[in-house]
Amino acid sequence: MEQKDLLKDLIAHCKEYGFIFPSSEIYDGLAATYDYGQLGVELKNNLKTYWWKSMTQLNSNIVGIDSAIFMHPTTWKASGHVDAFNDPLIDNKDSKKRYRADVLLEEYQEKQHQKIQKEVDKAEKRFGDAFDKAQFLATNPNVLRVQEKIQEVQTRMKQALNDNALEDLRQLILDLEIVCPISGSKNWTEVRQFNLMFSTSLGSVAGEASTIYLRPETAQGIFVNFLNVQKSGRMKIPFGIAQIGKAFRNEIVARQFIFRMREFEQMEMQFFVKPGEELSWYEHWKSKRITWHLNLGLGESNYRFHDHIKLAHYANAACDIEFHFPMGFKELEGIHSRTDFDLKQHELHAGKKLQYFDPSTNESYVPYVIETSVGLDRLFLSVLTAAYQEETLEDGSERTVLKIPAALAPYKLAVLPLVKKDGLPEKAQAIIEMLRLDFTTQYDEKDSIGKRYRRQDAIGTPFAITVDHESLENNTVTIRNRDTMVQERMAIDALPNYLHTHCSWSALLSNLG
Ligand code: ATP
């Protein structure tokens with residue numbers, strides 16, 4: 001399927017089946033804000049549980065917190081957000097559309113990468129088995145020319161961003177002849193910086209002193225609680241603090257469905273380590289996090305690492321895990337080595353020590369920090385992107401199926417009486433009674449069994465149990481697998497074990513060790 005169409009189809013599918021609705025839709029919606037519906041909230045909660053359990057339950061040295069969205073305003077001065085949480089903006093004078101200058105340049109580079117890929121595909125076809133990709137990339141003049149161009153753009157962009165040289169950034173856009181996708185023109189304004197934090201005021205006090213911010217990241221709630229948790233939990237370094245919560249950013253270019261929202265949810269973990277050991281922990285967490293993603297089974301080729309060319313003011317190493325979204329490879333999770341920047345800044349601004357006393361050396365120090373930060377909504381979109389499939393079946397009919405990892409599916413099973421009489425509905429309800437303490441279940445008796453299977457496929461229910469007349473005679477049912485559509489006959493008593501093996505948390509978490 002064309003990738004652009006896929007995003008449209010996903011948006012329509014999410015709305016039709018109650019996964020995601022545009023926020024305040026009866027008032028024509030609010031840009032870049034979405035509500036999760038009855039099935040969406042189940043999937044979202046399951047994603048949170050998968051993350052939370054893997055962080056806190058599988059790591060004895062990681063604990064969680066839930067800090068307030070509002071924080072003392074000095075927090076954001078200390079973290080650098082008041083002065084430096086900016087995006088460079090540029091407007092197209094003809095379409096009046098606003099863009100992030102760095103995003104325009106990144107999209108340009110992505111197009112160049114696609115050109116290289118096209119050359120590779122062409123050559124692969126021509127040379128067949130004899131094709132040596134590494135040699136081709138190193139010698140083909142067309143490829144080399146494009147690679148050189150990408151390199152040049154990267155260097156100039158990095159320089160301009162690091163020097164905060166907004167005029168150079170604009171010049172680069174002009175030199176590359178980047179056009180506005182809407183108007184097609186190169187009629188660009190100056191580049192300006194725009195702060196992304198939402199502010200509001202606290203209580204009844206007027207004036208600047210009462211200005212507070214909606215947190216743009218959950219991380220600072222962890223930093224300011226570092227000593228509280230360390231002392232009350234008697235934590236020894238290395239240890240981590242995990243948190244799931246809402247974050248708010250006044251995004252300039254807020255399109256692409258739930259990929260970029262103004263109110264979204266983050267799942268962040270700050271891991272505190274001894275100074276000097278941070279880069280090996282950085283590698284450790286890179287590997288742990290990619291394993292965690294791959295464990296979902298959404299396809300290895302959908303993920304890649306992307307090292308940052310411009311490091312944030314607080315980082316000494318940083319990368320993204322990118323996912324192949326319908327709009328191309330984009331950031332799903334950030335992994336950052338944040339040094340001791342945040343804790344030191346809070347020490348400075350609060351006038352309080354935020355140090356760890358190491359009993360083995362009798363020394364105190366400010367720990368270094370490795371952060372893993374994944375957007376819950378982007379994770380949701382990654383699951384849907386890979387799960388959504390339109391299939392033509394052997395008999396020529398079509399089905400839309402969401403192949404959501406079984407443990408994450410909103411409903412784990414549907415129980416369907418073959419007909420609405422002869423005691424089959426009662427038998428079906430008894431099965432639900434037996435299973436619903438452990439598994440989310442749905443009962444459906446309306447329409448033909450084929451239609452009911454399709455409905456369950458479309459919402460990603462991994463198993464459909466059909467109760468028929470034989471069930472009354474020998475206490476067996478058929479269980480249909482969503483992905484293979486194979487049905488097998490099974491004793492009702494065997495269902496709990498079977499479901500446990502295929503869609504319990506332990507089934508999903510066991511590979512993470
Ligand atoms: P981007 O470059 O795409 O704006 P970022 O580098 O600013 O993202 P981080 O500050 O590293 O993002 O935030 C950590 C994670 O939070 C990101 O990897 C992403 O999954 C998520 N995230 C950030 N901004 C948004 C948003 N506006 N909507 C949804 N998720 C977001």
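Modeller: The model is predicted, with local features requiring pLDDT of at least 70 and side-chain atom pairs pLDDT 80 or more, while totals for chains, interfaces and linings use all residues. Residues are numbered from 1 along each chain as its sequence is written, and side-chain values use heavy atoms, without hydrogens and water.

Colleague: Why are α5 and α7 called roughly antiparallel?

Modeller: Helix α5 (residues 101-127) packs against helix α7 (residues 141-162) at about 165 degrees, with the axes 10 Å apart. Angles run from 0 to 180 degrees between N-to-C directions, and axes are lines fitted to C-alpha atoms, for helices over the stretch in contact. Angles under 35 degrees count as roughly parallel, over 145 as roughly antiparallel, 65 to 115 as roughly perpendicular and the rest as oblique. The pair α5 and α7 is therefore roughly antiparallel. Helices here are DSSP runs of H or I with at least four residues, strands are runs of E with at least two, and both are numbered from the N terminus.

Colleague: What makes up the contact of α5 with α7, by class?

Modeller: Nine nonpolar, six polar and four charged residues. Ala, Val, Leu, Ile, Met, Phe, Trp, Tyr, Cys and Pro count as nonpolar, Asp, Glu, Lys and Arg as charged, and the others, Gly among them, as polar. Contact means heavy atoms within 4.5 Å.

Colleague: Which hand does the crossing of α5 and α8 have?

Modeller: It is left-handed. A crossing is left-handed if the near helix is turned anticlockwise from the far one by less than a right angle, and right-handed if clockwise. Helix α8 (residues 166-175) packs on α5 at about 35 degrees, with the axes 10 Å apart. Ala101, Leu104 and Leu105 of α5 meet Leu169, Leu172 and Ile173 of α8. By class, this contact has six nonpolar, no polar and no charged residues.

Colleague: Why is α14 oblique to α17?

Modeller: The axes of α14 (residues 424-435) and α17 (residues 495-503) cross at roughly 55 degrees and come within 11 Å. That value makes α14 oblique to α17. The crossing is right-handed. Ile431, Met434 and Leu435 of α14 touch Leu495, Pro496 and Leu499 of α17.

Colleague: What is the omega of the peptide bond joining Ile237 and Pro238?

Modeller: Omega is about 5 degrees, and the bond is cis. Pro238 sits in the loop between α10 (226-232) and β9 (239-248). Most peptide bonds are trans.
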